[in-house]
Amino acid sequence: MSGLHIPIDTPDGSRTAHAENVLAPNPGMMTLDGTNTWVIGTDEVMVVDPGPDDAAHLDRVVRHLGERRVRQILLTHGHSDHSGGARRFAELVGAPVRALDPRHRLGSEGLADGDVVAVGGVELHVYGTPGHSFDSLCFWLPEDRAMLTGDTVLGRGTTVIAQDGGLADYLRSLDRLRQAAEELAADALLPGHGPVLAHPIGALDGYIRHRRERLDQIRSAQKQGARTPREIVEIVYADVDRQLWPMAEISVRAQLDYLGSP
Ligand SMILES: [Zn+2]
């Protein structure tokens, strides 16, 4: 944990030795404090998730870089709160954009499970972690024993399985991350939204437990006669702010798919 210094409530400026967060000004129910744009490296850097297409944010990232040159722009996934600004940012700094989904790339190189991206002696190892979205990736930063998790694991709360994701994949990805965190002795998770998590295995166990509990709750709501996703939400998410119910319904649909319901 040496080198970590983590502000409690403000992801902006949170960092490990070779990763610094510049927070995008797009807070919301799905984005928590906003999107975390991670600058990785020393003199030459990689930028993970430029964030939304917000000129002021992208300018702020450029100012934050100072003399440092961006060699690679990487996306944890293609959702617009992470990728929307990638094209504009690529033009500002003159670097390619690499992503799993070819539609989000700029330049000839892709990005996939097992790849190692190295800039200025600092490496990111790519883990394919589909589930939140079909194209979700995590990046292991061995130098700092930190895993960049995108939206697969958030700094607070839990992740929604988007319509382009899937729960079976997501559960496998969480198990894989848990195993990696253990084998690699990870010190931190650097999420796409919210604060740095300093206890990776505990955080991942919490995520896995939460998913299993929700599935159990859905099975029991079905036993109580709930049939539609909305009816299930009304039972399972009764204690949750109604504003969040439409999101909960997306999550319930993903869980019903997983459980094999019509
Ligand atoms: Zn996001």
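## Zinc site, core and surface patch

In sequence, the residues that donate to the zinc ion follow the spacing D-H-x68-D-x41-H. The model is predicted. Four residues coordinate the zinc ion, at 2.0 to 2.2 Å. The table lists them with their donor atoms.

| Residue | Donor atom | Range for the site |
|---|---|---|
| D81 | OD | 2.0 to 2.2 Å |
| H82 | NE2 | 2.0 to 2.2 Å |
| D151 | OD | 2.0 to 2.2 Å |
| H193 | NE2 | 2.0 to 2.2 Å |

What is the geometry of the zinc site? The site is irregular, with angles of 87 to 156 degrees among its four donor atoms. Four donors count as tetrahedral only if all angles lie between 85 and 135 degrees. Ideal angles for four tetrahedral donors are 109.5 degrees.

D81 lies in helix α2 (residues 80-83), while D151 sits in the loop between β10 (146-150) and α4 (167-183), so this pair ties together parts that are 70 residues apart in sequence. Are D81 and D151 buried or exposed? Both are buried.

Next, the core. The largest nonpolar core has 23 residues. M147, V153, L174, L189 and L204 have the most contacts inside it. β9 (137-141), α4 and α5 (200-223) each give two or more residues to this core. α4 gives the most, with seven residues. In soluble globular proteins, nonpolar side chains tend to be buried together.

The surface has a nonpolar patch too. M29, M30 and L244 form it, with about 260 Å² of accessible area together. M30 is placed in the loop between β2 (19-23) and β3 (36-41). M30 is partly exposed, at a relative accessible area of 43%.

Note on methods
Residues are numbered from 1 along each chain as its sequence is written. This is a predicted model: local features need pLDDT of at least 70, side-chain atom pairs count only at pLDDT 80 or more; totals for chains, interfaces and linings use all residues. Side-chain values use heavy atoms; hydrogens and water are left out. Donors are N, O and S atoms within 2.8 Å of the metal (3.2 Å for Na, K and Ca); water is not among the atoms, so sites may look incomplete. Four donors count as tetrahedral if all angles lie between 85 and 135 degrees; four count as square planar and six as octahedral if opposite donors are over 155 degrees apart and all others between 65 and 115; anything else is irregular. Helices (H or I, at least four residues) and strands (E, at least two) are DSSP runs, numbered from the N terminus. Buried means under 20% relative accessible area, exposed over 50%, partly exposed in between (1.4 Å probe, protein chains only). Patches are made of residues with over 30% relative accessible area and no salt bridge: like charges are joined within 9 Å, nonpolar side chains (Val, Leu, Ile, Met, Phe, Trp, Tyr) within 5 Å. Accessible areas come from the Shrake-Rupley method with a 1.4 Å probe; for residues, only the protein chains shown count as cover. A salt bridge is a side-chain nitrogen of Lys or Arg within 4 Å of a carboxyl oxygen of Asp or Glu. A nonpolar core is a set of buried Ala, Val, Leu, Ile, Met, Phe, Trp, Tyr and Cys residues joined through side-chain atoms within 4.5 Å.
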